[in-house]
Amino acid sequence: MFTTVCLAVFTLYLLFRFSSPDAADDGRKPKIGKPGRGAVYKRTIVAVGDLHGDYPNMMEVLKMAKVVTENGSWSGEVDYFVQTGDIIDRRVFFRDDTIQMYRYLENLRVDARAVGGDIRSHLGNHEVMNMIGDWRYVPESEIRTFGGIEERQTLLSKGWIGRAWRANYSITTRLPLHPALGPVNTDYQPAKTPYFQDLSHAALSFLHGGLSPSYRDLTPYPSGINNIGATLIARLQDRRVQPPPHPPNDFPHLPEGTTPAEHALYDGNGPLWYRGWAMNRDAVVCKTVDEVLQKVGVKRLVMGHTPHFTGIVSRCGGKILLIDTGQITTQADKYDKFLHTLAHYLFPQMLARFSLLSSLILVWLAGPRSFQAHDIQRPFDLPLPDKPQSFRTTVVAVGDLHADFPSMMSVLYMSGVISDNGSWTGDVDYLVQTGNVIGFGYDTKRVFETLERLRVEARAAGGDVLTHLGEDEFANVMGDWKDVPDAEIWTFGGHQARHEALTSGWIGRAWRDHYSIATRLPLHPIAGGVNTDFNATTQPSDLSNAALAFTNSGLSPSTENLIPFPSALNMLGVALLDHYQDLDQVVPTLPDGSRLPDIRTLGRIILGDNGPLGYRGLALENEKDICQTAGEMLRKIGAKRIVVGSHYRGRGIVSRCGGKILLTHTGISHMDGGILSAVKFTYTLMPGFTPEGWTERDVVTAIYSTHEAVIVDETRKVNL
């Protein structure tokens, strides 16, 4: 007797096709992108369930779904490859492939991110079992491939596999199907996205077990679950001595000090173990699934954990997808291939003249439009491109704008961010603005509208616009309008209308949703995504500081709540902003679980002399002192440079301490009487054929209206 094993993948094609019958009639050019009339937005996602140490079948799946080429390199034909956990455990055909599988997936992740794709990996119950010390499904032969018990414990905790789990694996993922809804794992906030009501659930949920309707930490999704998971993993991996594994030793259980939320994450009702969506009757499941979908802001729940050997299971009209098909070859002498392809078409019914992405701007500013959604199933076959040869990140940063629209557009054009018609060029990956957009000038509304439009365009092209709150934004929301001309107030329609726009109105919402106090921007995706907190124990040593830090005024080693960076400062900034916008949405605790400070303390931390919106030392302290303190601060936050505005330098971009400090405020606004300037960062990582053979080149250039000047040009060998 044998068990028939089903080798299957879940593949999602997302196509947004927007046609406007009159788009060409009035001579207007599309505002976003270059497709024009009838353009199609496509997002392709391939997901697989439990792999359990079976390297040959994993490769068969990836090739079958055309995630990789025949030689095993990333094909570039999918946007996301998602694996829902349980890579580890369960010996197959006398093979012990754990190390080989994790090494291959980490290398493939680098390849994917180099061409704008990504691999979204998840921790399953078996990964966490191994961290706890529950090794019931680990054969002795597999332990020997690590070199022994202690060596395996070290590799899964502080070694490269353990670091990969902390840096690149999450408990769950919310994957928006259109970039207008934000990047991967943007929390669903229905109250803050009324202008995308018809697209608000155009997202997928991925995890190992399931989202139980009664799980108490379901929202905010997905950060609530992932934050609890991160603290549990840190608690397990950071134990001074790992417990002896079971068997043959006693079962270790969760360590002392584990919080109730961490216990709930790991129990039978938690996202690692829950089987209700797979095991309960249709009448029960389909009655309750809509409530969960509404809470977490997705249209489908995709999960592994519970195997179905006949193929991928769709329940409740595709709202639940169970993708663990038992594809490991434990006793099988054959398998069947199931390819589930789902195409989602979204046809807008809207005013003529506007293409897809400019219509999204209209949706955001003017309210929702009617959409019709259709799901179909069909097979697919796609060609495969050559493997990329290098990875490059290009970042352009600009300082204080002070409501000067013409000067802002001139700077963005001369630095290659926008074309001559004002649309996103796609020639840069990130535009970063370091705060103080508001104040002094008369074009506040036009500047903010343009930055929001460019953000949508950039995300549609795989880039992003990263914006920051400055001291002038907080001054305005706190009622300090001394630097605001009367003429600017009347562009809003008066004092009350301007106040409402900056608090509960569209500018205030943009500040809450898209502006931060600080940004950590990794220059290579192996170090995580934008604003991934730096953790010295989880980052690869040679790339641990391959990141840029941005804030309005500056940071010092003694800045309060500097660590974890940047999440602690950003959480405090949101709380302070919410207080002055009278939204009563202050978060109750900090990332370390401590209580939020009172409002006076919040103001001191963010706006005080040592805070990110008040510190002047980077610009004013003498070279010797500031280079020593800046180096210490950069090591703490995992960055190689800090880039700030706020400090006016009319003579041009200022570089201090060999480019570790960059001051970008050169008086772009005509009110400041300075010069037009921007800073361009070009980071290139050229791959070799061994981990030691990679070359990193880092170039920093000051861009002016008349010339460019190279500030830094560094090349070095790195070991990945």
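**Close-up views**

View A. With a relative accessibility of 17%, C316 counts as buried (buried is under 20% relative accessible area, exposed over 50% and partly exposed in between, using a 1.4 Å probe and protein chains only). This is a predicted model, where local features need pLDDT of at least 70 and side-chain atom pairs count only at pLDDT 80 or more, while totals for chains, interfaces and linings use all residues. Residues are numbered from 1 along each chain as its sequence is written, and side-chain values use heavy atoms, with hydrogens and water left out.

C316 is joined to C286 by a disulfide, S to S 2.1 Å (the cut-off is a pair of cysteine sulfur atoms within 2.5 Å). A disulfide is a covalent bond between the sulfur atoms of two cysteines. The two ends come from distant parts of the chain, 30 residues apart: C286 sits in helix α10 (residues 282-296), and C316 in the loop between β9 (313-315) and β10 (320-322). C286 is partly exposed, at 30% relative accessible area. The torsion about the S-S bond is about -95°, so this disulfide is left-handed.

**View B. The disulfide of C627 and C657.** How many disulfides turn up in a search of the whole structure? Two, and here C627 and C657 are linked with their sulfur atoms 2.0 Å apart. C627 belongs to helix α21 and C657 to the loop between β20 and β21, so the pair ties together parts that are 30 residues apart in sequence. This link is left-handed too, with -95° about the S-S bond. C627 is partly exposed at 23% relative accessibility, whereas C657 is buried at 12%. Count the bonded cysteines of the protein in sequence order and the pairing reads 1-2, 3-4.

View C. Follow the strands in the order β17-β18-β19-β21-β20, and you have an open sheet with mixed pairing (two strands pair if DSSP finds at least two bridges between them). In the parallel pair of β19 (residues 641-644) and β21 (residues 661-663), three bridges do the joining, and V644 has L663 as its bridge partner in β21.

Helix α21 (residues 623-637) lies across β17, β18 (547-551), β19, β20 and β21, and runs at about 105° to β19. For such angles, axes are lines fitted to C-alpha atoms, for helices over the stretch in contact, and the values run from 0 to 180 degrees between N-to-C directions.

**View D. I642 in strand β19.** Zoom in on β19 and you'll find I642, buried at 0% relative accessibility. Leaving aside neighbours within four places in sequence, I642 is in contact with several residues, including A549, T551, M633, L634 and L662 (contact means heavy atoms within 4.5 Å). R520 is 122 residues away along the chain from I642, yet their C-alpha atoms are separated by 9.3 Å.

**View E. An aromatic cluster.** Y102, W165 and Y169 form one aromatic cluster. Rings of Phe, Tyr and Trp (its six-membered ring) pair if their centres lie within 6.5 Å; planes under 30 degrees apart count as stacked, over 60 as edge-to-face and the rest as tilted. The structure holds eight aromatic pairs. One of them, Y102 with W165, is edge-to-face, at 5.9 Å centre to centre and 75° between the planes. Y102 comes from helix α2 (residues 98-114) and W165 from helix α6 (residues 160-168), 63 residues apart. Y102 is buried, at 2% relative accessible area, and W165 is buried at 1%.

**View F. Arginines over tryptophan rings.** R152 lies over the face of W135, 4.5 Å from the ring centre (a charge sits over a ring if NZ of Lys or CZ of Arg is within 6 Å of the ring centre and within 35 degrees of the ring normal). R498 lies over the face of W481, at 4.4 Å from the ring centre.

Methods:
Helix = DSSP H or I, 4+ residues; strand = E, 2+ residues; numbered from the N terminus.
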